[in-house]
Number of protein chains: 2
Amino acid sequence: MKDLAEFTETKYYKIESDISLECGKLLKDVQVAYETYGTLNKNGDNAILICHALTADAHAAGYHKGDKKPGWWDSMIGPNKAFDTNKYFIISSNVLGGCKGTTGPCSINPETQKSYGHDFPVITIEDMVKVQKKLVDFLGVKKMIVAGGSMGGMQAMEWSIKHPDTVKTTIIIASTARLSAQAIAFNAVGRNAIISDKNFNGGDYYDKNNTPDYGLAIARMVGHITYLCENAMHTKFGRDFKDKPNFDFGVDFQVESYLEYQGRIFVDRFDANSYLYITKAIDYYDPISKFGSLEKAFSKSSSRFLIICFDSDWLFTTSQSKEIVNALIAAGKDVSFVELKSPCGHDAFLIEHKTQTKIIKSFLRKDEP
Amino acid sequence: MKDLAEFTETKYYKIESDISLECGKLLKDVQVAYETYGTLNKNGDNAILICHALTADAHAAGYHKGDKKPGWWDSMIGPNKAFDTNKYFIISSNVLGGCKGTTGPCSINPETQKSYGHDFPVITIEDMVKVQKKLVDFLGVKKMIVAGGSMGGMQAMEWSIKHPDTVKTTIIIASTARLSAQAIAFNAVGRNAIISDKNFNGGDYYDKNNTPDYGLAIARMVGHITYLCENAMHTKFGRDFKDKPNFDFGVDFQVESYLEYQGRIFVDRFDANSYLYITKAIDYYDPISKFGSLEKAFSKSSSRFLIICFDSDWLFTTSQSKEIVNALIAAGKDVSFVELKSPCGHDAFLIEHKTQTKIIKSFLRKDEP
């Protein structure tokens, strides 16, 4: 047992073989940033792969040395937590296309010795999973559980479809088999804001003094509106002014102050090109079109499934989770489904750790090593 | 009777007195662009004032010479239509702060002989109504009906509160007494996109070669997402590609093509500064806070009311219309309320002319001159 009171650290794995992408291109020298918590057993069958959402990273749990904040899902990963490091070997990696250590548009292109920028090929959820497969093979995993929220749920779904020999259990939280037109529209607005930023320069800004921060901040603001539900916004901010009406176009209402802050802190931790590439991967993911139906997509899966959604999530709705559940039932799979009550909207999967822990712990009892 | 088969034209009225604004400033030489349809009777009591939404103008009905498209609410205004020009004298004017002929940020500031830009004071819905009052007085109107959708509904509400001697009937469609935090957030994103456009230049761009088109287009895209409901987007576009997946960041899905088109055509007909000023006026409108309650706000009104909303409108929801209805009932006013079924979301008030016509015609029977 590894105690997460110890510091956690991000490690890096360099994949030796080229990655053959969905777009037809090859990607060389791919590096994966990852963290592990707990210990892999001799059979290599007590692993849990945690898949992250749009803007997270490999640092899912514990504290990095010197940090005041733990990893992004620390409330769910650790001794006796939902994903119990006393029992499981937990892996979390940064996705392909990201900007937190795994190869992405800000990485050095081995062919030019400059950052890829938009020479980086468009990647997909399937490509992200390919890279993760290389990592879990390298780590010696034979059988595993895969879990993720939002885009992480898409990766978990893809794992269950693509790797039935490896995945015995799949947990898909606050996710969908494919985006609605409205969700694509929100992503498109964010991308447009980035691309039209005066510092974007066709995605080639890494050696410039200025980066497309305004555009990225606006993309993040749009995102945050969709992560909170209207009621949550009403409760948090209502129509309160930050101070009093300014009669100008600066930050005026509390909700504006919140969005401005979220935009501002985001640009310090995220790369605008990664935002473009990852949102595009999310938009493209569509096993329903790819396989003809979701039932067919799941037909070869040998996993059992837990689907969790939140009643106030209007980005990835309960009916979208039910679509997954119905397909799994039609495909004759073992599936459990829970809609949790929460006022937190889509963000609930990052916040509501108590209810999720209860559900996940009892669901995972069957898998206990 | 004036037949709208004749061409309609926009006229201009110059207000002689200064307009004293809510922000405390004075606005000189205010001009109002307006159109009228039908004939005012001798008593001056057969008028209907039509109030427009965020981006419309005075040209509500009929055709301008050479135009292929009629005014924005032509389906509702004309002989035997909902607002019947055989019976009523119908007035439609561009709002203060607009860019279609009424004084706004793109107008010439008489003190500098240059366009106002951000020297234009921040205006409110109350200020818009003040300017409209000058116009209807000039036109000889003594008693009138006021009607509008979306922001037009806010103006209609303000008329009923502020001018009980003039307003006998108020029709508020797809509107709200005040914006939700979420709706303010969407407006804030749009304003941020405009303000961070490289050509914005602090709002002083009228004599420059380039205007903040990218920012304004993004603001419009965000707006359009809120004007359609998710189901309407799904039905219209689904996940269809314009052609096939591009594997780049250009227009890819049909819904992206729609938004891009809406953004592109909008910048040719609207001024970015007007977008800032008018969305701010919408955000600020809040008779509930101003009067202590909506019931108190309506207490002096001598109007009867028709409130119409649409079940798929998620920008200004049915529950927001019911809040108005409940306040009117509590204030002892005569109120009729209809929630119409429509797949068109907030845009329904511009589209669903048949159902609205039926309701409005029967409601107005009492007012017939």
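In what order do the eight strands of the open sheet in chain A stand? The order is S1-S4-S8-S5-S11-S12-S13-S14, and the pairing is mixed. This is a predicted model.

Start at the edges of that sheet. In chain A these places belong to strand S1 (11–14) and strand S14 (335–340). Each has a single partner strand, so one side of each is left without a neighbour in the sheet. Between neighbouring strands of this sheet the turn is 20° on average, direction ignored.

Strand S4 (residues 31–37) and strand S8 (residues 89–93) of chain A are antiparallel partners, paired over four bridges. One residue facing across is A:Thr36, which stands opposite A:Ile91 in S8(A).

Helix H10 (residues 318–330) of chain A touches strand S12 (167–173), strand S13 (304–310) and S14 of chain A. The direction of H10 makes about 165° with that of S13(A). Helix H12 (residues 353–364) of chain A also packs on the sheet. H12 touches strand S5 (47–51), strand S11 (144–149), S12, S13 and S14 of chain A. The angle between the directions of H12 and S13(A) is about 170°.

Turn to chain B. Here an open sheet of eight strands has the order S1-S4-S8-S5-S11-S12-S13-S14, with mixed pairing. Strand S1 (11–14) and strand S14 (335–340) of chain B are the edge strands. Each has a single partner strand, so one side of each lacks a neighbour in the sheet.

How many bridges join S1(B) to strand S4 (residues 31–37) of chain B? There are four, and the two strands run antiparallel. B:Lys11 has B:Tyr34 as its bridge partner in S4(B). Helix H2 (residues 151–162) of chain B packs on the sheet. H2 touches strand S5 (47–51), strand S11 (144–149), strand S12 (167–173) and strand S13 (304–310) of chain B. The direction of H2 makes about 150° with that of S11(B). Helix H12 (residues 353–364) of chain B lies across S5, S11, S12, S13 and S14 of chain B. This helix runs at about 170° to S13(B).

B:Glu339 is found in strand S14 of chain B. Is B:Glu339 buried or partly exposed? Its relative accessibility is 38%, so B:Glu339 counts as partly exposed. Leaving aside neighbours within four places in sequence, B:Glu339 is in contact with B:Cys309, B:Phe310, B:Asp311 and B:Thr318. B:Ile307 is 32 residues from B:Glu339 along the chain, and their C-alpha atoms are separated by 8.4 Å.

A residue in chain A can be set beside it. A:Leu27 is found in strand S3 (residues 26–27) of chain A. With 2% relative accessibility, A:Leu27 counts as buried. Beyond its neighbours within four places in sequence, A:Leu27 has contacts that include A:Leu96, A:Tyr116, A:Phe120 and A:Pro121. A:Pro212 lies 185 residues from A:Leu27 in sequence and 26 Å from it in space, C-alpha to C-alpha.

Aromatic rings come next. Over all chains, the structure holds 40 aromatic pairs. One of these is A:Phe270 with A:Tyr275, an edge-to-face pair at 6.5 Å centre to centre, with 90° between the planes. A:Phe270 counts as buried, at 7% relative accessibility. A:Tyr275 is at 3% and also counts as buried. In chain B, B:Phe120 and B:Tyr277 form an edge-to-face pair at 5.4 Å centre to centre, with 80° between the planes. B:Phe120 lies in the loop between strand S10 (114–115) and helix H1 (125–138), and B:Tyr277 in helix H7 (residues 272–284), so the pair ties together parts of chain B that are 157 residues apart in sequence. Both B:Phe120 and B:Tyr277 are buried.

Ring pairs also link A:Trp72, A:Trp73, A:Phe83 and A:Phe349 into a cluster. Some rings in chain B have an arginine over the face. B:Arg220 lies over B:Phe266, at 4.3 Å from the ring centre. B:Arg304 lies over B:Phe363, at 4.0 Å from the ring centre.

The contact takes 52 residues from chain A and 52 residues from chain B. The two chains bury about 4,400 Å² between them, 72% of it on carbon and sulfur atoms. In chain A, the residues that lose the most area to chain B are A:Arg239, A:Phe247 and A:Phe249. Together they account for 20% of what that side buries.

Note on methods. Residues are numbered from 1 along each chain as its sequence is written. Chains are lettered from A and ligands numbered from 1 in the order in which they are written. This is a predicted model: local features need pLDDT of at least 70, side-chain atom pairs count only at pLDDT 80 or more; totals for chains, interfaces and linings use all residues. Side-chain values use heavy atoms; hydrogens and water are left out. Rings of Phe, Tyr and Trp (its six-membered ring) pair if their centres lie within 6.5 Å; planes under 30 degrees apart count as stacked, over 60 as edge-to-face and the rest as tilted. Buried means under 20% relative accessible area, exposed over 50%, partly exposed in between (1.4 Å probe, protein chains only). A charge sits over a ring if NZ of Lys or CZ of Arg is within 6 Å of the ring centre and within 35 degrees of the ring normal. Two strands pair if DSSP finds at least two bridges between them. Contact means heavy atoms within 4.5 Å. Axes are lines fitted to C-alpha atoms, for helices over the stretch in contact, and angles run from 0 to 180 degrees between N-to-C directions. Buried area is the accessible area (1.4 Å probe) that two parts lose on being put together, summed over both.
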